[in-house]
Structure formats: structure tokens, C-alpha cells
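Reader: I am new to this structure. Please show me how to read its features, one at a time.

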Amino acid sequence: MRRAILDAASRLLQAEGPDALTMRRIAADVGCSTSVLYSMFGGKAGVTEGLWLEGFARLRARLEGVEGRDPLDRLAEMGRAYRANALANPTYYSVMFQRPIPGFEPSPDAYTTSLASLQVLVDAVADCINAGIFRPADPRHIAGVLWAAAHGAVSLELAGYDGARDTHARFDDLLAASAAWFFTPTR
């Protein structure tokens, strides 16, 4: 039920913008009473935080589901999973990173929870360092750089500012170029 409510809120946000996110509209879309929504989420702010947390939960599930032949292949697949997740869940992605709902700020607990999905990327970078693929460095720094590169490309693509015919190939080139900066000198 929680996921159905959040998906309904996501559809309303995408179709009509933040003003459409009322408890009454969400309840009508799901086919439940507003009291159900208030008991589950406490109000519109709770629904918004629920969208934010659900977006990060979906991202984490995608990243954790990635497999690869070696640590670098796995890391590249995680980049592709990040893009695929954003393209499949554009409204959740928007709530997570673009804050389309005026006044929304995640609670400290929700923010801490969201970082778990990004820790998956940090761990994959650490695996590349331990395998000698990346030079010794702070895995959080490298993960942050790689995430920023992927995030920038995905955000441009979602906004329609990509200007390229083959966004998939461009994204793969970006992943390879970003990772190459951190390779060990012998690679």
C-alpha cells in the first residue's frame, strides 16, 4: 500500500507539479481515505519524504543488484544502473536531487538513510583500489567524483539538454574517462 501511495504521488507530481500533491488527490488516486494517508505519512511533508526515501531505496536496490567480471566492470555497471534507475524513475530522481517541492528538506534521519545507497558506490571504488586498478586514495573522494560525473550527464539527459543522438554511448565514454583519471600508473 505504501508503494502504491508513493507511486500515485509520483505520478501526480510528474503530471501536474507540486501543487497537485494534496492528501485528497493522492487518496482519490489510490482509492483510500485521507485518514489512511495521514496515519501512514502524517501529512504532505511525510509523503514528500517518503518519495525521497523510496527514490534512494530504488537506487540502492539497483546498485546492490549489479554484478561484474571484476571490480572495474562492476563499477561501470553501477554507473549504468544509476542511469537506468534515473530514467525509469524520473520523478523520484527529481525529488531526490532537484527538490521540485518548495520547502522540502529531508529530516536528518532520512538524509542519513539516503547515504546508504551511495555507500554501495564507495565500497565498489574501494574494491578497485584494493585490486590495484585505482591508485591509493580516499574511496569517498573517488566515488564522489564518479557520481558527480554520472549525475551531471543523467541530469542533462533527463532535462532534455543532452544534444546528442546516442546518449548511451556518450554515457559509457564519460564513465570510462572519469574512471581513467584514477587508474594506477601501470594500467
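This is a predicted model: local features need pLDDT of at least 70, side-chain atom pairs count only at pLDDT 80 or more; totals for chains, interfaces and linings use all residues.

Reader: How many helices and strands does the protein have?

Author: Helices (H or I, at least four residues) and strands (E, at least two) are DSSP runs, numbered from the N terminus. Here there are nine helices and zero strands. The C-alpha atoms fill a box of roughly 65 × 35 × 30 Å, taken along the principal axes.

Reader: What share of the residues is buried?

Author: Buried means under 20% relative accessible area, exposed means over 50%, and partly exposed lies in between (1.4 Å probe, protein chains only). Of the 187 residues in the protein, 42% are buried. Accessible areas come from the Shrake-Rupley method with a 1.4 Å probe; for residues, only the protein chains shown count as cover. The accessible surface comes to about 9700 Å², and 54% of that belongs to carbon and sulfur atoms.

Reader: What share of the contacts joins residues 24 or more positions apart?

Author: Contact means heavy atoms within 4.5 Å. Among contacts with a separation of 6 or more, 68% are between residues 24 or more positions apart.

Reader: Why is helix α6 described as largely enclosed?

Author: Count its buried residues. Helix α6 (residues 90-97) has eight residues and six of them are buried, so the rest of the structure largely encloses it. Those six are Thr91, Tyr92, Tyr93, Ser94, Val95 and Met96. They pack against α1 (2-16), α4 (44-64), α5 (71-88) and α8 (139-159).

Reader: At what angle do α1 and α6 cross?

Author: Axes are lines fitted to C-alpha atoms, for helices over the stretch in contact, and angles run from 0 to 180 degrees between N-to-C directions. Angles under 35 degrees count as roughly parallel, over 145 as roughly antiparallel, 65 to 115 as roughly perpendicular and the rest as oblique. The axes of α1 and α6 come within 9 Å and cross at roughly 85°. The two helices are therefore roughly perpendicular. Leu6, Asp7, Ser10, Leu13 and Gln14 of α1 meet Pro90, Thr91, Tyr92 and Val95 of α6 in this contact.

Reader: Which residues make the contact between α2 and α3?

Author: Take the geometry before the residues. The axes of α2 (residues 23-30) and α3 (residues 34-41) come within 8 Å and cross at roughly 110°. That makes α2 roughly perpendicular to α3. Met23, Arg24, Ile26 and Ala27 of α2 make the contact with Thr34, Leu37 and Tyr38 of α3.

Reader: Is glutamate 54 buried or exposed?

Author: Glutamate 54 has a relative accessible area of 15%, so it is buried. Glutamate 54 lies in helix α4. Leaving aside neighbours within four places in sequence, glutamate 54 is in contact with Arg3, Leu6 and Tyr92.

Reader: What is phi at arginine 99?

Author: Most residues other than glycine have a negative phi. Arginine 99 has a positive phi near 45°. Arginine 99 lies in the loop between α6 and α7 (108-130). Its relative accessibility is 31%, so arginine 99 counts as partly exposed.

Definitions and conventions: Residues are numbered from 1 along each chain as its sequence is written. Side-chain values use heavy atoms; hydrogens and water are left out.
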